[in-house]
Amino acid sequence: MNRRDVLFLLSTLAGLGPKALAQALENPARLYDLPPYGDATLLYFSDLHGQVFPHYFMEPPNLIAPKPLMGRPGYLTGEAILRYYGVARGTPLAYLLSYQDFVELARAFGPIGGVAALTALIRDQKARAEAEGAKVLVLDGGDTWTNSGLSLLTQGEAMVEWQNLAGVDHMVSHWEWTLGRERVEELLGKFRGEHLSYNVVDELFGDPLFPAYRLHPVGRYTLAVVGATYPYVRVSHPENFTEGLSFALDERRLQEAVDAARAEGADAVVLLSHNGMQLDAALAERIRGIDLILSGHTHDLTPLPWRVGKTWLVAGSAAGKALMRVDLKLKKGGIANLRARVLPVLAEHLPKAEDVEGWLSEKVAPHRGHLFTPLATAETLLYKRDTLYSTWDHLVGQAVKALYPEVEVVFSPAVRWGTTLLPGQVITRDHLYAYTGFTYPELYLFYLRGEQIQGVLEDIASNVFTPDPFYQQGGDVSRTFGLSYVLDPDAPTGKRVRELRVGDRPLDPGRRYLVAAYGGRLQRLGEAKPGFEPRPIYAVLEEYLKGVGRVKVLPEPNVKVIGRNYRVPEVTG
């Protein structure tokens with residue numbers, strides 16, 4: 001990417017003044033009318049998490065990094081990410097990139113995403129690029145089939161039907177596997193594109209289940225797309241979903257796939273990855289011959305490509321808030337240059353694909369009453385993304401404690417998906433599913449000793465704050481309610497968590513505490529509460545919301561972080 005391309009990007013999206021911005025929103029084509037460039041165009045999105053309707057999605061107020069990784073892409077948020085990319089506050093790109101001014105910008109620009117608008121944008125950009133003679137590929141970075149109301153109610157089938165309507169050529173996977181191996185294989189049989197993966201193999205014999213790569217002729221050149229599935233599926237989710245399969249990170253096997261693609265004639269190699277930004281950056285330094293990595297899983301957005309060694313990295317955002325257009329100028333043996341653009345999916349300012357709107361209306365019809373019945377009203381901002389704490393998880397803790405007052409500590413999983421609710425917005429079951437759309441949603445009540453609770457938190461901190469991306473096997477830190485502690489991300493392993501308190505008393509290592517948890521496997525460590533029948537967390541929340549009617553959650557982070565500036569967003573209307 002040269003200086004001219006950078007200046008064009010910034011002037012198109014990040015540098016719009018109020019008057020120009022108003023004109024752009026009156027004529028949204030200004031944001032998407034890109035001049036011709038290169039030989040191939042990749043239209044890339046990732047981490048949709050089943051969100052088929054327009055919604056709001058705030059970026060995290062905090063992305064706490066291990067000290068050696070501070071200040072690099074993937075750990076930038078708020079003012080820092082705007083400064084890094086030269087983005088002005090109050091612009092469409094600032095709305096997508098940062099939590100700053102979120103409620104104000106959400107009300108100004110409206111919701112993001114929705115598959116009708118995203119599909120129209122994909123089709124429009126594909127038609128433009130093909131008219132200019134480019135080879136176009138539509139690429140899905142994974143986490144598309146699950147974690148929403150419609151995806152759960154159709155067991156992923158609605159999302160596959162949408163992928164076919166959108167013309168997805170290749171996909172990779174992660175949360176898809178929580179539908180179970182049999183269901184995944186059934187749905188892949190209906191998918192008109194191709195699932196690529198170098199690392200989904202038979203656990204016993206090591207045989208691959210899918211092609212590792214696919215070659216695409218591009219004029220006088222050849223482009224290869226290699227697929228990488230999230231390597232820690234069996235660490236992150238119950239093993240019964242994927243019995244007999246291995247997803248392990250295997251550098252040797254990945255290198256062999258890249259080498260085989262090049263031996264077969266590939267000039268340029270693109271890795272379509274669900275590894276996450278930090279792991280992909282580490283792989284870029286160790287795997288020879290990858291020209292570009294399209295990175296998913298960590299929900300990052302890169303307005304400008306990140307150069308690591310000889311490899312470009314572009315991240316595909318999340319929740320359908322943007323479509324990445326990456327234009328490649330090829331050469332013999334690689335990529336001569338590229339242009340990456342963020343195309344915001346501003347739902348109220350884009351045309352909709354009429355056939356997708358019709359299809360969606362038909363798919364939703366049997367479930368409309370169930371999904372959209374009002375349950376309560378949010379008086380304050382409810383958000384999910386953050387390294388340590390969110391008002392949504394605070395609400396979950398309140399709900400569990402209200403219905404089960406004997407519970408002393410509530411654990412919530414730190415998944416990155418989940419929409420955002422503005423002050424004054426009505427909460428529906430569709431919103432509950434967007435935050436709690438697990439295929440294993442049961443809330444468990446069980447007993448853990450104090451030393452076990454501290455051990456769990458230390459293990460999580462070790463995972464999240466290790467400076468070696470090869471050992472980062474999760475997302476953010478599991479949230480707790482009823483428990484407070486001090487976190488030192490830079491302390492040695494086993495000494496990062498201290499000064500734990502349950503309620504107003506210090507944690508007693510030998511005492512048994514009644515704990516509630518969902519969306520994970522923590523209950524396996526404890527002794528089940530006699531007589532309690534696990535129930536879906538969204539059913540628990542529904543009961544609570546109907547009872548209170550209005551929800552007001554002021555942020556009260558329960559973790560004090562040493563050595564970092566922990567930020568709390570504005571949550572009132």
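Modeller: A salt bridge here is a side-chain nitrogen of Lys or Arg within 4 Å of a carboxyl oxygen of Asp or Glu. The side chains of Asp490 and Lys67 form one, at 3.7 Å from N to O. Asp490 is in the loop between strand 20 and strand 21, and Lys67 is in the loop between strand 1 (40-45) and helix 4 (79-85), so the pair ties together parts that are 423 residues apart in sequence.

Biologist: Is this an experimental or a predicted model, and what are the conventions?

Modeller: This is a predicted model: local features need pLDDT of at least 70, side-chain atom pairs count only at pLDDT 80 or more, and totals for chains, interfaces and linings use all residues. Residues are numbered from 1 along each chain as its sequence is written, and side-chain values use heavy atoms, with hydrogens and water left out. Helices (H or I, at least four residues) and strands (E, at least two) are DSSP runs, numbered from the N terminus.

Biologist: What is the average pLDDT of the protein?

Modeller: The average pLDDT, the predictor's confidence in each residue from 0 to 100, is 94. Of the residues, 95% score at least 70. Over residues 1-22 the pLDDT is below 50. Beyond near neighbours in sequence, that stretch has 47 contacts in the model, a contact being heavy atoms within 4.5 Å.

Biologist: Back to the salt bridges. How many does the structure hold?

Modeller: The structure holds 37 salt bridges. One of them joins the side chains of Asp393 and Arg479, at 2.8 Å from N to O. Asp393 belongs to helix 16 (residues 391-403) and Arg479 to strand 19 (residues 479-481), so this pair ties together parts 86 residues apart in sequence.

Biologist: Are Asp393 and Arg479 buried or exposed?

Modeller: Both Asp393 and Arg479 are buried. Buried means under 20% relative accessible area, exposed over 50%, and partly exposed in between (1.4 Å probe, protein chains only).

Biologist: Which residues are linked in a network of salt bridges?

Modeller: Glu132, Arg325, Asp327 and Arg339 are linked in such a network.

Biologist: Now the sheet, please. In what order do the four strands of the open sheet stand?

Modeller: The order is 22-21-20-27, with mixed pairing; two strands pair if DSSP finds at least two bridges between them. Strand 22 (505-506) and strand 27 (559-561) are at the edges with a single partner strand each, so one side of each has no neighbour in the sheet. Strand 20 (residues 483-487) and strand 27 run parallel and are joined by three bridges. Leu487 has Val561 in strand 27 as its bridge partner.

Biologist: How many residues of helix 13 are buried?

Modeller: Eight of the eight residues of helix 13 (residues 277-284) are buried, so the helix is mostly covered. Its buried residues pack against helix 12 (251-263), strand 9 (268-273), strand 10 (292-295), strand 11 (306-308) and strand 12 (311-315).
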